[in-house]
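Dear colleague,

Please find below the structure that I am handing over to you.

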Amino acid sequence: MSEKRIVLKNCEVIDPRHITTYLTRDGFRALEKAQKEMTPEEIIEEVKASGLRGRGGAGFPCGLKWELARNAPGDEKYVICNADEGEVGTFKDRYILQNDPFTLIEGIAIAAHAIGAKQGYIYLRAEYHHLLDSLVNAIDQAKERGFLQHVDIDIREGAGAYVCGEESALMDSIEGKRGEVRYRPPFPPTKGLWGKPTIINNVETLMNIPQIILNGASWFNQIGTERSKGTKVFSVSGDVKRPGVYELVLGTRLKELVEELALAEKVKMVQVGGATGRLVPYDMIDTALSFETILGAGAITVFDQSRDVIDIVYRTMEFLAEESCGKCAPCREGTEAMVEILGRFFRSEGMEKDIRVLEELSSAMMLSSLCGLGQAAPIPVTDSLQYFRNDYENRIK
Ligand SMILES: Cc1cc2nc3c(=O)[nH]c(=O)nc-3n(C[C@H](O)[C@H](O)[C@H](O)COP(=O)(O)O)c2cc1C
């Protein structure tokens with residue numbers, strides 16, 4: 001089992017402080033090709049044909065998003081790179097920003113050219129403030145070399161809120177407002193930042209763009225599974241001997257990543273996709289990692305047999321309740337109610353009816369919350385009730 005480095009191709013190879021090493025490895029050749037040999041429509045067609053889907057969690061087709069923004073009326077459009085990386089257990093975007101800012105800048109520049117945006121923003125997680133200077137340095141060098149004549153790229157720093165990684169709250173945050181989710185529709189490609197057409201893409205999504213443009217959609221298309229093209233960068237942590245960032249072809253089995261690469265032993269379960277991700281018990285560890293099965297933003301947190309599932313779910317829910325933006329009642333009240341109930345199980349004071357309440361509350365939150373936070377917050381609860389029900393029943397007073 002080995003890695004396939006497409007997104008991470010330049011990481012720990014180039015010098016992220018100097019553009020020259022990037023230029024020797026085809027740096028900015030894709031942008032040149034996109035500007036000189038392709039129309040914006042052709043770029044979008046290429047991205048669509050590649051099958052690239054968003055790497056930030058939701059898996060929305062990238063080319064389709066760009067097309068909607070390109071076709072939306074108006075001269076003022078924006079590209080936003082989502083570098084908030086607030087998901088619990090994710091650190092792959094940090095690794096990319098640290099080691100290869102130039103590919104990201106090239107990806108943003110191509111996206112801006114394709115949709116007709118003159119301004120791009122990188123929304124940087126507050127905790128990544130230490131990366132600010134090196135990102136500014138990389139942008140300045142690209143500008144000095146004349147690669148950013150069609151677009152300005154600026155950085156906006158977050159203030160430490162998980163929900164600001166959610167695209168509509170992120171735009172409110174850039175606009176200087178309190179980060180709260182927006183009602184949708186309208187969606188960002190038609191009405192986004194300051195009401196203008198906007199595309200928001202994850203760091204890793206944009207990292208794929210230069211190579212898709214240079215090597216063509218059919219090259220990219222051959223990698224991965226039917227509905228999950230390319231590779232995925234995973235952040236692996238928890239009870240493993242070799243935690244870290246791994247890039248694998250989509251469709252690789254969870255078992256290979258966790259046991260063969262990260263060297264986990266005596267696994268009880270794996271949380272795939274962070275706080276609101278799926279819980280995979282060990283007997284399902286052969287599951288493939290893809291959009292068709294399980295994926296999220298690629299956070300892989302491994303728990304061995306010494307871990308208590310109720311403890312994990314309880315703490316996760318405490319985090320989500322703390323981070324709920326509070327705009328909609330199902331999420332604001334639902335996460336708090338779940339913390340209260342899970343707390344009872346944690347203290348072995350659960351009641352028979354609590355399990356039913358957890359199930360009913362879960363489906364209400366999934367159906368009626370405004371954004372992905374509240375909609376997905378119940379997942380650890382429903383998954384643990386499905387796979388580790390005994391752990392709950394044993395804690396009924
Ligand atoms: C609560 C919440 C937090 C999110 N945090 C992030 C994040 O940190 N980074 C990210 O790229 N997407 C995050 N997303 C997903 C974004 O809303 C959006 O789908 C994504 O940035 C789109 O980019 P992509 O299509 O390239 O994946 C989050 C979503 C939710 C509901």
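**Findings**

Lys268 is found in strand 7. Please bear in mind throughout that the model is a predicted one. Lys268 counts as partly exposed, because it has 18 C-beta neighbours inside 10 Å, and a residue is called buried at 20 or more. When residues up to four places away in sequence are left out, Lys268 touches Tyr282, Phe303, Asp304, Gln305 and Arg307.

Thr276 lies in the loop between strand 7 (267-272) and strand 8. Is Thr276 buried or exposed? Thr276 is buried, since 23 other C-beta atoms lie within 10 Å. Not counting residues up to four places away in sequence, Thr276 touches Ala376, Ala377 and Ile379. The C-alpha atoms of Thr276 and Gly251 are separated by 21 Å, and these residues are 25 apart along the chain.

**Domains**

The domain assignment of the protein chain gives domain 1 (19-221), domain 2 (231-304) and domain 3 (309-393). Taken over C-alpha atoms, the centres of domain 2 and domain 3 are 23 Å apart. The contact between them takes eight residues from domain 2 and 12 residues from domain 3. On the side of domain 2 that touches domain 3, strand 8 (residues 278-281) gives the most, with three residues. By class, that side of domain 2 has five nonpolar, two polar and one charged residues.

**Ligand surroundings**

There are 23 residues around the ligand, and those that come nearest are Gly54, Gly56, Gly165, Asn202 and Gly372. Which domains each supply at least three residues of this shell? They are domain 1 (19-221) and domain 3 (309-393). Strand 4 (198-202) and helix 15 (372-376) each supply at least two residues of the shell. The largest share, three residues, comes from strand 4. By class, the shell around the ligand divides into seven nonpolar, 10 polar and six charged residues.

In soluble globular proteins, nonpolar side chains tend to be buried together. In this model, the largest nonpolar core has 121 residues, and Ile108, Ile110, Ala111, Leu257 and Val258 are those with the most contacts inside it. Helix 6 gives the most to this core, with 10 residues. The contacts of Ile110 are with Ala30, Leu31, Ala34, Ile43, Ile209, Pro210 and Ile213, again not counting residues up to four places away in sequence.

**Helix 5**

Which residues of helix 5 (residues 92-99) are buried? They are Lys92, Asp93, Ile96 and Leu97. These residues lie on the same side of helix 5, because they cover an arc of only 135° around the axis. The buried residues of helix 5 pack against the helices 6 (101-115), 7 (132-144) and 9 (203-215), and also against strand 1 (78-83), strand 5 (231-238) and strand 6 (244-249).

With kind regards

Notes
Residues numbered from 1 in each chain as written. Predicted model: local features only at pLDDT ≥ 70, side-chain atom pairs only at ≥ 80, totals over all residues. Near = placed C-beta within 6 Å. Helix = DSSP H or I, 4+ residues; strand = E, 2+ residues; numbered from the N terminus. Nonpolar A, V, L, I, M, F, W, Y, C, P; charged D, E, K, R; others polar. Domains from an automatic or database assignment. Buried ≥ 20, exposed ≤ 12 C-beta atoms within 10 Å, placed from the backbone. Arc of directions from axis to C-beta. Contact = placed C-beta atoms within 7 Å. Core = buried A, V, L, I, M, F, W, Y, C linked by C-beta atoms within 7 Å.
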